[in-house]
Amino acid sequence: MRQKITQISPHAQTNFQEIIADLEKLYGRPEPPKLTNPLEMILRENVAYLVDDERREKAFQALKQRVGVKPQQVLAAPDELLFAIAKIGILPEQRVEKLRRIATIAIKHFQGDLHTILLQPLKDAKKLLQKFPSIGEPGAEKILLFSWSHPILALESNGLRVLLRLGFGEEKKNYAASYKSAQAAVQPQCKKECDWLIRAHQLLRQHGQELCKRARPQCEACPLAKGCAYYQRQH
Ligand code: SF4
């Protein structure tokens, strides 16, 4: 159950670790991620298009149980079976092609085992992960964080919006530049621990989905309002 704003002591939100602590008081401590295997994370990202978390998980579990998540199993599966699973989202034909492409890349470049990527320095590891479909720099960073291999604050779109509104970094002309700006602003205040960074990622995402929504953020219920640049501009 969410706590009311009055139960959280208000203070200037200049300290990122305090922000994460306040979000944890509001939403509770997130469960550790179930998935830490890099290939499985890539398959889950690609198995269904434009679906919510629940349907994505449903599609991924169907892939796991009916096909398997080894590259050889994905390549050996009949088109009809992959199509039936990908139909949980839209454009299933494209998803089937992407699943097969992932399996091919995994075998051709990494002998079917992506764990070797995790041992590379951050810059190289990100580049290698971006060989896979639908994996840009933020997605690569999330894989490296959630596999506990590189302590970097990966952000998805909800978390990025929250940080920019709070006043970390600036909105730039494109998503990649805004992402880098917010990440650079917050990075010096981050703990260099994967479990803390994973929780920060999860809490920022949840905050962006529940209160700090894209349209009409619910600032009156937000414990971060006092130190939020966006809120200050509106009042
Ligand atoms: S005060 Fe409003 S804009 Fe600022 S973080 Fe909270 S919900 Fe988002």
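## Glycine 227

Let's start with glycine 227, which sits in the loop between H12 and H13. Helices here are DSSP runs of H or I with at least four residues, numbered from the N terminus. Glycine 227 has 19 other C-beta atoms within 10 Å, so it is partly exposed. For this term, C-beta atoms are placed from the backbone: a residue with 20 or more others within 10 Å of its own is buried, one with 12 or fewer is exposed, and anything in between is partly exposed. Glycine 227 and isoleucine 19 are separated by 208 residues in sequence, yet their C-alpha atoms are 9.5 Å apart in space.

Keep in mind that this is a predicted model, in which local features need pLDDT of at least 70 and side-chain atom pairs count only at pLDDT 80 or more, while totals for chains, interfaces and linings use all residues. Residue numbers start from 1 along each chain as its sequence is written.

## Helix H10

Where does H10 lie? The buried ones are Gly159, Leu160, Arg161, Val162, Leu163, Leu164, Arg165 and Leu166. Their cover includes helices H1 (16–27), H11 (175–186), H12 (194–210) and H13 (229–234). Contact between two residues means that their C-beta atoms, placed from the backbone, lie within 7 Å. Just after H10 comes glycine 167, with a positive phi of about 115 degrees.

## Around the ligand

In total, 14 residues surround the ligand, and the closest are Cys212, Cys219, Cys222, Ala225 and Cys228.

The shell divides into 12 nonpolar residues, 1 polar and 1 charged. Here Ala, Val, Leu, Ile, Met, Phe, Trp, Tyr, Cys and Pro count as nonpolar, Asp, Glu, Lys and Arg as charged, and the others, Gly among them, as polar.

## Helices H2 and H3

Helix H2 (residues 38–47) packs against helix H3 (residues 53–66) at an angle of about 120 degrees, with their axes 9 Å apart. Leu43, Arg44 and Val47 of H2 make the contact with Arg56, Ala59, Phe60 and Leu63 of H3. These contact residues divide into 5 nonpolar, no polar and 2 charged.

Methods
Helix = DSSP H or I, 4+ residues; strand = E, 2+ residues; numbered from the N terminus. Axes fitted to C-alpha atoms, helices over the stretch in contact; angles between N-to-C directions. Near = placed C-beta within 6 Å.
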